[in-house]
Amino acid sequence: MTFFTRFWGTRGSIPTPGHSTRRYGGNTSCVEIRIDGALFICDGGTGMRELGDALLRRGDEPVDAHLLFSHTHWDHIQGFPFFVPAYRPTTTLRVYDVARDDDRAHRLLMGQMRSEYFPVSFSDLGSRIVPSNLEGGHTTIEGVTVRALEQVHPGRSFAYSFTKGASKVVYATDSELDRIVSNRDDIVARPASLRRLPSTLVDFASGADLLIADAQYNDDDYRDGWGHARAHTVVDLALQAGTKQLALFHHDPTQTDADVEAKVERATARARAAGSALIVFGAREGVELKIG
Amino acid sequence: MSTGGPRGPYRDGLVTEATKMVERGIGSRFEAARKPFLLLQVEGPGAPREVKLDLPEMVVGRSLQAHLAIESSLISRQHFALRRQGPDYVCVDLDSVNGLYLNGLRVHSAVLRDGDVLQIGDVVLLYREGDA
C-alpha cells in the first residue's frame, strides 16, 4: 500500500504571499491525500491551483479526484476556479457533502463562479463534476474508510479521517477546540494542565499516524469565538488521542515563518513536558509525508 | 503625458544595444555573478564540503556514481535526489532505508528553502538557495 499526504496550502483566512511567509507558504488550505490509486483533496483554498498544475505535470490524467471540504468559507474554496484539471473533459471530480440530502459544497462552488465573481461559469467547466455524499458521515471510497465529524466553527465545519489497513490520517481544520474543552476555566487559570476534549473527538482522532489540525493561535493571542484553536489545546488533543504526528495547520495570516517556528517550539515543549514523544511540526507548503 | 516605458524606435535601440552587450560577453559576466544553489555537507564522513547544484537532478548517496558520494553505512546507495522544479529545488527520498529528514521531520519530498537542514543517517547537509 502507498499512502502519501502533501500540503499545498497551510495558511488560514487569507493568502499571505511575501518574504516573511516563504518557508511555510502563503496559500490557503489544500491538502492532497493519495492512497494507492485514490486521490482525495481536502479543501480548495488557493493551494489548489498549484495542486492542479502538479497533477497535469505528473501526467496523472485522467484526473479522478474526491473533493472534501471542511466548510465553504472563502479560504477553503477560492482555489477551485483555478484548478486547471476542472477544465478538462477527461476529469471527474466528486464533490462530497456529509449528509445524504445536503448539497451545500457543490452549490457554493457553483455560486462563487457566478459572473459577478468570476469570468467562467461553473456550467462551462469541461470536467464531470459529480455531487456526492458521505452517507451521513461514514463510507468507503476506493477501499478507503472515510469518516466525518462535525466541528465547532461559525457556520459549522467537518473533520475527515482516512483509514486504510493500519494507516490513518485525520484532517481537522477550522475547529475551535477551546470551546469544547471540559475544563475550560483551567486554560487561563492553569494553562499547563491538560485540556480535556470530548471522547467523540478523541475517538475520531485516535491512533492517527498524522493529525492535521487547526492551530491558528497561541495561548496569548487566541480570539474567542473566531472558530480556531490554540496550538496548545491541539497538542492536548493529540496526546489524548495517541496520534504519532501532529501538523499544526491553518497558520494565522499575521504569523511570519519565525512566528510559526516559535509556535511549533512551544507546542513541542508542551508535548515533552507531558512525557510524550509526539512529533509536532508546522504544516508547510510543498512537504510530502509517507504515511505508515 | 506617457507614463509607460520606452516605446518605438527608442526602445528598439535599447534592445539592439542590450543585444550587443550580450554578444560582447557582458551578459555572461552577469550570469557569473549569479549566486549558485549549494548543498553544504556540514557533518558526516567527508565533511566539510560543498556541491554546486547545477543539474536538473542530482543524487546523494553511498554509490560512487552519486553526484555527492558519501561513504557511510547509514545511508543508501541512492539515498535522495534533488530535482529542479521551476525556481526551486525539491528533495525526494529514493526509498532509502533510513529516511530523509528535513529540519528533523521525516519527509518523502519537500520544496526546499534557504537554510533548510537535511539529515540522512549520520550526514547533515545545509541547503543554500541561489538566484533562480
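A polar contact is a pair of N or O atoms within 3.5 Å, where within protein one atom must be able to donate a hydrogen and the other to accept it, and where residues adjacent in sequence count only if both atoms are side-chain atoms. Between chain B and chain A there are nine residue pairs in polar contact, both residues being at pLDDT 80 or more. This is a predicted model, in which local features need pLDDT of at least 70 and side-chain atom pairs count only at pLDDT 80 or more, while totals for chains, interfaces and linings use all residues. Residues are numbered from 1 along each chain as its sequence is written, chains are lettered from A in the order in which they are written, and side-chain values use heavy atoms, with hydrogens and water left out.

The contact (heavy atoms within 4.5 Å) draws 18 residues from chain B and 14 residues from chain A. On the side of chain B, Leu105(B), His108(B) and Arg113(B) lose the most area to chain A, and together they account for 44% of what that side buries.

Salt bridges, in which a side-chain nitrogen of Lys or Arg lies within 4 Å of a carboxyl oxygen of Asp or Glu, number four across this interface. One of them joins the side chains of Arg22(A) and Glu129(B), at 2.7 Å from N to O.

Strands (DSSP runs of E, at least two residues, numbered from the N terminus) also meet here. Strand β14 of chain A, residues 287–290, pairs with β9(B) in the antiparallel sense over two bridges, pairing being assigned if DSSP finds at least two bridges. Within this arrangement, Glu288(A) stands opposite Ser109(B) in β9(B).

Key:
Buried area is the accessible area (1.4 Å probe) that two parts lose on being put together, summed over both. Helices (H or I, at least four residues) and strands (E, at least two) are DSSP runs, numbered from the N terminus.
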